[in-house]
Amino acid sequence: MTSEVPEYDAAIIGAGFSGCYLMYHLRKMGLKVHGFDAGTEFGGTWHWNRYPGARVDSHTPFYELAIPESQKDWKWTQTYPGQEELQNYFRHLDKTLNLSKDYDFKVFLTDAIYDEKARRWDLYFKDGKHVRCRIFLPCLGLSAAPLTPEFKNLDQFKGDVYHTSNWPEHLDLKDKSIAIIGTGASGVQCIQELGPIAKQLYVFQRSPNLCLPMPQEELNDDSPQNTKEGYADYYANRAFSFSGFDIPTQERKGTEDGPEEKQKFFQEVWDKKGFSFWVGNYADLFFDKETNDAAYKFWRSQVIKRIKDPKKAAILAPEKAPYPFGCRRPCMETDYYEQFNRPNVDIIDVNTEPILEFTEDGIVTKTGERKIDTLILATGFDTLTGPFTRINIKGLNNQTLTKKWGEEGASTFLAVTTNGFPNLFFLGGPQSPIAFSNNPSTIEVQANAIFKLIKNMNDQHIEAVNPKREDEQVWSGQVRDWGTNSLFHLAKGWYMGTNVPGKKPELISWLGGLPSYKQMLERSLFWIIV
Ligand code: NAP
């Protein structure tokens, strides 16, 4: 090894919430840390996902890091901030915490190879950069690996094609004829913005999104988010709630209530808006088909009255639940359903009218060709595992993570480590509660446990740690069991990995809630020091 290769105690890949939090704390612990990101600045998901209407569905003050000096001078303008405001928040984090002095941008990690003898990771980047580190922290986010399905003759389409995850700056789509494929959170948010301005908007839907109402509020200087009133409590308590927010969970089960009580209860949680109708619903919502069907029926009754055309209503909110309610991520909307009352917005169900091919200037189904200027792919991501498996991460015995997770599915110990890859720790990845809980709440719980582990390693002069295979198998089995023992396995989508051809169908997030996860992490992470 030549002396020119920079060596760090810890290298962070990613400049989203996880990267910022790790950088701030590891530096304070006295480690020599460096961060790397493929983008041009901090923001992670909010740096890349700049599509029209991009907005977080987690509310302030929960959607920020618990670093007091970064909170002092920061003001939010809305409870659910948009992408630009979030990007500015990250700029503020950078400025107040002086993060970028230890970050390189526009660098994409291609290979991470563990040198067993030296007990160091060698990291190689696309631009030729090579660094070494003892602790390798890939914090890649859920959605760094976009998915573009194959469509016949898409390459012959001469119009513009954009994936929501890599949106150009300053794109004006006013008066354009647009087709959008996909109605996940990204699709729904785009549709709300484009319906009012497009000449024609064709929405190609495969599965309806069972959206929930967003309780958006404008904030002013006196709002608690800006006076910071109650912040100490919010932050002390958020890791003790299932979802990392302030939404109470219910012990009450739907099976215990009759139809009238159920209706009353559903109305109560519905009126709270936001995710209450999801994570604050009956305790057996994800487990009992009857309770779940009743919740869907209630949801449909609220939505259907907003859609004037019965044909469109039958596609957006069919009589029979398309999948168990809440077993795919519900997204929040403000006027999504009203968009379909516009004469220029149409919806096509690709289950009955599949996309046959593209032409130079159109999209063809069995009912003919629709002429379009622009195609938007809101077709999602190889979520959670994809950001890791597209990098050549090679651990002990030349085993790659791509092969390991490709063959056996996501396999981790406590969602922060994986056997055979010493000193590799990740945040917000597979088998963590991240899909069901607020991002900053979750990654802080994970990072804080990792800080303790690193301190313990340093105190005991332990160079490297590797979780035991049998512990990993127990943990991974528990995560998967939540999927098979609940209604989740009945819903296709990224929660079960079934949106990616060839990916193992399994629940890849911990459904047991943030508090139970926190407890296990704090109790058990030290076991890996042997
Ligand atoms: P997504 O939820 O995976 O949605 C992808 C959409 O594309 C689905 O409707 C999918 O249909 C459709 N699709 C994929 N391939 C298709 C094909 N060949 N033909 C027709 N339709 C196809 O992806 P996303 O909307 O980008 O959201 C991903 C996650 O990111 C969200 O669940 C959320 O966690 C996060 N996110 C959050 C926010 C926010 O905070 N507000 C915003 C955006 C994203 P199927 O459903 O049938 O598979």
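Modeller: Helices (H or I, at least four residues) and strands (E, at least two) are DSSP runs, numbered from the N terminus. The model is predicted, so local features need pLDDT of at least 70 and side-chain atom pairs pLDDT 80 or more, while totals for chains, interfaces and linings use all residues. Residues are numbered from 1 along each chain as its sequence is written, and side-chain values use heavy atoms, without hydrogens or water.

Colleague: How many of the 12 residues of α1 are buried?

Modeller: Buried means under 20% relative accessible area, exposed over 50%, and partly exposed in between (1.4 Å probe, protein chains only). Phe17, Tyr21 and Leu26 are among the buried residues of α1. The helix is largely enclosed by the rest of the structure, because the buried residues number 10 of the 12.

Colleague: How far apart are the centres of domain 1 and domain 2?

Modeller: The bounds come from an automatic or database domain assignment. Domain 1 is 7-145 + 382-527, and domain 2 is 154-377. Taken over C-alpha atoms, their centres are separated by 26 Å.

Colleague: How many residues does each domain give to the contact?

Modeller: Contact means heavy atoms within 4.5 Å. Domain 1 gives 52 residues, and domain 2 gives 51 residues.

Colleague: How much area do domain 1 and domain 2 bury between them?

Modeller: Buried area is the accessible area (1.4 Å probe) that two parts lose on being put together, summed over both. Here 59% of it is on carbon and sulfur atoms. On the domain 1 side, Asp57, Phe62 and Leu487 lose the most, together 15% of what that side buries. The area buried between the domains is about 4,500 Å².

Colleague: How many salt bridges are counted between domain 1 and domain 2?

Modeller: A salt bridge is a side-chain nitrogen of Lys or Arg within 4 Å of a carboxyl oxygen of Asp or Glu. Arg329 and Asp57 meet this way, at 2.8 Å from N to O. The count between domain 1 and domain 2 is 3 salt bridges.

Colleague: Which element gives the largest share of the side of domain 1 that touches domain 2?

Modeller: Two elements give two or more residues to that side: α15 (439-459) and α17 (514-524). The largest share is 4 residues, and it comes from α15.

Colleague: Is Asn209 buried or exposed?

Modeller: Asn209 lies in the loop between β9 and β10 (212-213). Leaving aside neighbours within four places in sequence, Asn209 contacts residues including Trp299, Tyr323 and Arg329. Its relative accessible area is 7%, so Asn209 is buried.

Colleague: What is omega for the cis peptide bond between Thr60 and Pro61?

Modeller: Pro61 is in the loop between α2 and α3 (68-71). A cis peptide bond joins Thr60 to Pro61, and omega is about 5°.
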